[in-house]
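Here is a short briefing on one protein model. Look at the structure first, then read the points below beside it.

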Amino acid sequence: MVERIGLGIIGFGIMGERLARFGAGHDQVRLTGVWDPSPEAATRLAEAAPGVPMLASPEAVIAGCDCLYIAAPPAFHLVHAKAAFAAGKAVFLEKPLSVDTAEAQAFVDAAEAAGARGAVNFPMASSPAVAQLNAWRAGGAVGDPRELAITIAFANWPRSWQRGAHTWLDRPQQGGFTREVVSHFLFLTRRQLGALVLEQGRTTFAAPERSETAIAAKLTAGGVPVTLSGGVGTTLADDHNSWVLEGSDGAIRLRDWSYAERRGADGVWSAAPDALPNERMRPMVLQRQLDGVAAMTRGEAHHLATLREALEVQQTVEGILAQKA
């Protein structure tokens with residue numbers, strides 16, 4: 001049996017708690033410690049992962065782990081990542097890499113030059129639904145890609161389950177749905193089709209010091225035309241999304257995060273036989289994510305998003321947000 005890697009966590013909000021709950025029972029990971037400045041985080045940790053200590057500082061978490069998971073707000077990502085790399089540890093980061101694209105570029109360049117072990121949390125790299133899309137494409141269901149359409153919609157922002165993080169999620173410096181959600185679909189696009197090139201974009205900010213309420217953009221990915229639209233108040237659902245790839249021989253789509261669907265000759269969309277709603281697919285994604293984290297920490301090949309991929313997504317996102325309506 002392979003020895004489990006020690007995983008430390010900085011930031012015990014929604015994402016940190018989610019990974020801790022699942023990681024506590026993972027066969028390749030052992031949780032070594034958590035740090036979060038919130039006074040109530042220790043209570044939540046004791047319930048989510050009994051026996052895992054709430055440590056006194058980020059430095060203590062880094063010292064005790066093999067890999068550091070950074071789930072703090074974006075402004076603090078690179079501070080902790082640089083400290084972990086300096087200590088010879090692997091890093092699993094939330095996106096975006098940074099609130100400053102130039103800083104992110106310098107960080108990725110330095111990490112690659114040093115051979116640092118780092119990856120970024122884009123769950124679609126570990127999604128069974130995306131694996132189904134890959135299988136359909138390999139089987140000729142799409143043929144030559146011709147165009148892609150991405151649509152993102154929210155009843156409100158932040159979403160109902162994120163309201164506790166509104167102090168940064170609904171601010172233009174770190175938050176907004178383009179960084180938080182659209183980035184996932186841009187990562188998927190990059191993986192499926194190739195390098196992203198932003199041709200034009202438009203972003204609407206409805207109120208000062210609040211995050212965006214609407215975006216529209218045209219891009220190419222590996223030369224394939226991509227249209228992107230997103231908005232708040234455009235659906236009654238907490239969120240709704242679709243990623244639709246049209247090709248010479250057919251079309252496939254990812255809907256609402258976890259439904260892989262294929263369009264038949266009759267024009268009707270049909271889901272994969274094993275399709276599941278996102279909340280039921282999440283444990284499968286988390287299992288494969290942590291498998292990847294363990295492999296990355298050991299210096300082995302892995303499927304997780306690379307630092308370079310995350311940088312390219314961040315550059316595209318910030319390019320869209322800079323084009324104010």
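**Strand β11 and its neighbours**

In the hairpin of β11 and β12, three residues lie between the strands, and D256 takes a positive phi near 50°. The model is predicted.

**The strands around β11**

- Strand β12 covers residues 259-263, and it pairs with β11 in the antiparallel sense over four bridges.
- In this pairing, I252 stands opposite R262 of β12.
- Strand β10, residues 239-247, is also joined to β11: the two run antiparallel, and six bridges link them.
- G247 has G250 of β11 opposite it.
- β10 and β11 form a hairpin too, with two residues between them.
- Strand β11 itself spans residues 250-255, and five of its six residues are buried, so the strand is largely enclosed by the rest of the structure.
- As a general point, side chains in a regular strand alternate between the two faces of the sheet.

**Residue H80**

- Is H80 buried or exposed? Its relative accessible area is 9%, and buried means under 20%, so H80 counts as buried.
- Leaving aside residues up to four places away in sequence, H80 touches I10, P58, I62, L68, I70 and A72.

**The whole protein**

- The protein contains ten helices and 13 strands.
- Its radius of gyration is 19 Å, close to the 20 Å that the globule rule gives for 325 residues, so the protein is as compact as a globular protein of that length.
- Along the principal axes, the C-alpha atoms fill a box of roughly 60 × 50 × 40 Å.
- Of the 325 residues in the protein, 50% are buried.
- Take the contacts between residues at least 6 apart in sequence: 68% of them join residues at least 24 apart.

**Surface and charge**

- The protein exposes about 13800 Å², and carbon and sulfur atoms supply 52% of that area.
- How many positive and negative side chains does the protein have? There are 30 positive and 34 negative ones, and the centres of the two sets lie 1 Å apart.

Conventions
Residues are numbered from 1 along each chain as its sequence is written. This is a predicted model: local features need pLDDT of at least 70, side-chain atom pairs count only at pLDDT 80 or more; totals for chains, interfaces and linings use all residues. Side-chain values use heavy atoms; hydrogens and water are left out. Buried means under 20% relative accessible area, exposed over 50%, partly exposed in between (1.4 Å probe, protein chains only). Two strands pair if DSSP finds at least two bridges between them. Contact means heavy atoms within 4.5 Å. The radius of gyration is taken over C-alpha atoms; the globule rule is 2.2 Å times the number of residues to the power 0.38. Accessible areas come from the Shrake-Rupley method with a 1.4 Å probe; for residues, only the protein chains shown count as cover. Lys and Arg count as positive and Asp and Glu as negative; His and the chain ends are not counted. The place of a charge is taken as NZ of Lys, CZ of Arg, CG of Asp or CD of Glu.
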